[in-house]
Amino acid sequence: MYKLIKPTLVISHELIMTLIFSLPRFRFFLFFKKYFLIMMGAKIGKRVIIYPGVWIAPGNNLELKDDVSLAKGVLIITKDEGKVVIGPRTIIGFDTKIISSNHEIPSKDKSIFFGGSNPKNIIIGSDAWIGANCFITAGVKIGNGAVVAAGSVVTKDVKEFSIVGGVPAKLIRFRN
């Protein structure tokens with residue numbers, strides 16, 4: 001009996017989340033998205049916009065400050081102890097992935113499947129803009145006012161008011 005309870009709860013949670021996060025980004029529906037995340041343990045500020053198709057799991061180590069916008073297809077994973085904090089007035093572009101835990105690679109005599117994970121916090125400052133289809137890796141801090149160009153993979157900290165891009169992301173210039 002116990003072996004059926006956990007999978008049933010996981011599937012139920014994923015189904016409810018899929019339904020809630022498929023709703024349009026109108027204020028009435030944003031209310032449901034916000035309170036679903038709060039029930040999962042997230043801290044959500046005012047006027048947060050969550051487009052349809054966003055996936056956030058499990059949500060307990062997530063903090064979205066005021067006026068954050070999450071575009072369609074954004075994926076945020078706050079697995080284990082890794083927190084994700086997104087500062088006020090920050091825009092996260094379409095299909096961006098923010099994952100606060102990396103897999104550990106075990107020695108060759110151990111299975112990859114049981115390698116474990118290495119959680120680290122991700123902090124995105126205020127007034128930042130993360131372009132479409134970016135990947136933000138665990139342990140990264142993106143400074144206030146920074147811009148990450150579309151398609152970038154951010155593996156290292158990004159300084160305030162800098163513009164970075166590429167794979168891996170490198171400094172392009174600083175904002176005027």
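Patches here are made of residues with over 30% relative accessible area and no salt bridge, where like charges are joined within 9 Å and nonpolar side chains (Val, Leu, Ile, Met, Phe, Trp, Tyr) within 5 Å. A salt bridge is a side-chain nitrogen of Lys or Arg within 4 Å of a carboxyl oxygen of Asp or Glu, and accessible areas come from the Shrake-Rupley method with a 1.4 Å probe, with only the protein chains shown counting as cover for residues.

This is a predicted model, in which local features need pLDDT of at least 70 and side-chain atom pairs count only at pLDDT 80 or more, while totals for chains, interfaces and linings use all residues. Residues are numbered from 1 along each chain as its sequence is written, and side-chain values use heavy atoms, with hydrogens and water left out.

**Stop 1: the whole chain**

Start with the cartoon view. The chain has two helices and 19 strands; helices (H or I, at least four residues) and strands (E, at least two) are DSSP runs, numbered from the N terminus. The radius of gyration is 17 Å, close to the 16 Å that the globule rule gives for 176 residues, so the chain is as compact as a globular protein of that length. That radius is taken over C-alpha atoms, and the globule rule is 2.2 Å times the number of residues to the power 0.38. Along the principal axes, the C-alpha atoms fill a box of roughly 60 × 55 × 20 Å. Of the 176 residues, 39% count as buried (buried is under 20% relative accessible area, exposed is over 50%, and partly exposed is in between, with a 1.4 Å probe and protein chains only).

**Stop 2**

Now select F28, F31, F32, Y35 and I38. Together they form a nonpolar patch on the surface, with about 500 Å² of accessible area. F32 sits in helix 2, residues 27–39, and is partly exposed because its relative accessibility is 37%.

Rings of Phe, Tyr and Trp (its six-membered ring) pair if their centres lie within 6.5 Å; planes under 30 degrees apart count as stacked, over 60 as edge-to-face and the rest as tilted.

**Stop 3**

Across the whole structure, a search finds seven aromatic pairs. One of them joins F21 and F36 edge-to-face, at 6.0 Å centre to centre and with 80 degrees between the planes. This pair links distant parts of the chain, 15 residues apart: F21 is in the loop between helix 1 (2–20) and helix 2, and F36 is in helix 2. Are these two residues buried or exposed? F21 counts as buried, at 1% relative accessibility, and F36 counts as buried too, at 6%.

Next, select Y51 and F94. Their ring centres are 6.0 Å apart and their planes stand at 75 degrees, so this pair is edge-to-face. Y51 lies in the loop between strand 2 (49–50) and strand 3 (55–57), and F94 in the loop between strand 8 (91–92) and strand 9 (97–99), so the pair ties together parts 43 residues apart in sequence. F94 is partly exposed, at 44% relative accessible area.

D95 has a positive phi, near 60 degrees, and is not a glycine. Its relative accessible area of 37% makes D95 partly exposed.

**Stop 4: the sheets**

Two strands pair if DSSP finds at least two bridges between them. Which strands form the open sheet with mixed pairing? Seven strands do, in the order 2-5-8-13-16-18-19, with strand 2 and strand 19 as edge strands that each pair on one side only. Strand 2 and strand 5 (residues 69–70) pair in the parallel sense over two bridges, and the bridge partner of I50 in strand 5 is L70.

Another open sheet has five strands in the order 3-6-9-14-17, with parallel pairing. Strand 3 and strand 17 (153–154) are its edges, each pairing on one side only. Strand 14 (residues 135–136) and strand 17 pair in the parallel sense over two bridges, and there F135 stands opposite V153.

**Stop 5: backbone details**

Most residues other than glycine have a negative phi, and most peptide bonds are trans. Select R47, in the loop between strand 1 (43–44) and strand 2: its phi is positive, about 55 degrees, although R47 is not a glycine. R47 counts as exposed, at 54% relative accessibility.

Finish with two prolines. The peptide bond from A57 to P58 is cis, with omega near -15 degrees, and P58 is in the loop between strand 3 and strand 4 (62–64). The bond from V167 to P168 is cis, with omega near -10 degrees; look for P168 in the loop between strand 18 (162–165) and strand 19 (170–174).
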